[in-house]
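Here are a few exercises to work through with the model open in your viewer. Try each task before you read its solution.

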Amino acid sequence: MSKPLKWYLRRHSLLYKIRFKLVSKKSTFAEMEDFCYNSINSKNEIPSIYYEINQSIFTDGNEVLTDLKKAIKIAKWLRNNIKGGPGLGNSSAIALQKMINGEGGVCSDFAQVYNNFCVINDLKVKEWGLKIITDNPQTLGGHSFNAIYSKELQKWIIIDVAKCICFYHSNPRLPLSVSDLTALKKQNKEIKYFEFNKEIPADPKRIRELYLAMNSFPFLITNYRNKTCDYFLTKLHFLPVSIIHGILFLSGKSYSFEFPTHDANNNIERPVIIFKPRRNPTKILEEIAK
């Protein structure tokens with residue numbers, strides 16, 4: 001195989017655009033509400049390396065945490081122990097090992113391994129993506145993040161593992177869900193965020209471009225069966241990742257990207273500029289992120 005063809009199969013954006021088009025569909029927030037990654041990925045299907053690493057995250061087995069604090073604890077450990085790097089596209093076990101070894105990891109890698117840690121820690125979780133329609137090469141690839149369900153608050157909450165942030169409107173004790181954020185954005189209401197990891201400072205401009213821009217559209221990743229995807233990624237490791245995901249689609253075992261419709265024309269109003277909290281967080285934010 002010639003070098004140009006290898007590059008085309010591995011890197012050319014056209015293959016990713018085709019895959020994105022094939023797996024994308026329209027939905028509503030109401031239809032998405034009850035979906036969670038845990039419902040199709042059981043504890044006994046999560047690779048053993050996650051259980052091994054989990055012992056380093058939760059060193060005090062008797063510690064009692066709320067769902068939000070437990071979710072933040074996992075996210076902080078991952079970001080403080082993984083420096084990140086190139087996208088991986090490996091099975092979940094190999095991806096986590098490479099990330100721990102300092103061999104890579106982008107936002108989608110963080111979001112996917114975070115899913116599995118949530119499962120083994122009894123946290124209901126979803127994985128979301130942002131489709132950014134832009135010519136800006138730094139934003140073109142979009143972004144991935146998670147949402148966990150808080151039993152204490154009885155709602156879904158955005159957790160951005162890669163950037164270590166949560167969103168809120170007026171009360172940091174009530175973090176936002178994706179539907180909350182979308183509604184506030186449509187109404188041109190104030191949206192704030194707090195950083196739950198002092199080691200990973202957030203970039204206000206980058207967050208504004210990803211989450212609040214008019215050309216940013218959230219989508220939920222559904223039907224992602226980790227065991228099935230791991231099997232294909234392992235058995236067909238000699239093929240480009242884009243081809244493997246194409247085979248998943250043709251076999252009927254692919255995931256879906258569900259875009260929530262917002263109005264008759266699927267439009268989003270111009271959002272308000274995000275307000276960044278002070279560098280020295282208030283006691284209430286420190287308590288949440290502790």
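For what follows, contact means heavy atoms within 4.5 Å. Bear in mind that this is a predicted model.

**Exercise 1. Get your bearings: how many helices and strands are in the chain, and what share of the residues is buried?**

Step 1. Run through the secondary structure, and you get 12 helices and 8 strands.

Step 2. Now look at burial: 48% of the 290 residues in the chain are buried.

Step 3. Then take the contacts with a sequence separation of 6 or more; 68% of them join residues 24 or more positions apart.

**Exercise 2. Look at Asn 116: is it buried or exposed, and which residues does it touch beyond its sequence neighbours?**

Step 1. Find Asn 116 in helix 7.

Step 2. Check its accessibility. The cut-off for buried is under 20% relative accessible area, and Asn 116 comes out at 0%, so it is buried.

Step 3. Skip the neighbours within four places in sequence, and the contacts of Asn 116 are Tyr 37, Ile 46, Tyr 50, Ser 92 and Asn 226.

**Exercise 3. Work out how helix 7 packs: at what angle does it meet helix 6, and at what angle does it cross helix 5?**

Step 1. Start with helix 6 (residues 92-100) against helix 7 (residues 107-120): the angle is about 115 degrees and the axes are 10 Å apart. Helix 6 is therefore roughly perpendicular to helix 7.

Step 2. Pick out the residues involved. From helix 6 come Ser 92, Leu 96 and Met 99, which meet Asp 109, Phe 110, Val 113, Asn 116 and Phe 117 of helix 7. The crossing is left-handed.

Step 3. Turn to helix 5 (residues 67-81), whose axis comes within 11 Å of that of helix 7, crossing at roughly 135 degrees. That angle makes helix 5 oblique to helix 7. The crossing of these two is right-handed. On the helix 5 side, Ala 71, Ile 72, Ile 74, Ala 75, Leu 78 and Arg 79 make the contact, while helix 7 brings Phe 110, Val 113, Tyr 114 and Phe 117.

**Exercise 4. Trace the nonpolar cores: which residues have the most contacts inside the largest one?**

Step 1. The largest nonpolar core has 53 residues, and the ones with the most contacts inside it are Tyr 50, Ile 74, Leu 78, Tyr 114, Phe 117, Ile 159 and Phe 196.

Step 2. Zoom in on Phe 117. Leaving out neighbours within four places in sequence, Phe 117 touches Tyr 50, Ile 53, Asn 54, Ile 57, Ile 74, Leu 78 and Leu 96.

Step 3. Apart from that core lies another, of 26 residues, with Cys 36, Trp 128, Phe 145 and Phe 167 among them.

Notes:
Residues numbered from 1 in each chain as written. Predicted model: local features only at pLDDT ≥ 70, side-chain atom pairs only at ≥ 80, totals over all residues. Heavy atoms only, no water. Core = buried A, V, L, I, M, F, W, Y, C linked by side-chain atoms within 4.5 Å. Buried < 20%, exposed > 50% of the residue type's maximum accessible area, 1.4 Å probe, protein only. Axes fitted to C-alpha atoms, helices over the stretch in contact; angles between N-to-C directions. Helix = DSSP H or I, 4+ residues; strand = E, 2+ residues; numbered from the N terminus. Parallel < 35°, antiparallel > 145°, perpendicular 65-115°, else oblique. Left-handed = near helix turned anticlockwise from the far one by under 90°.
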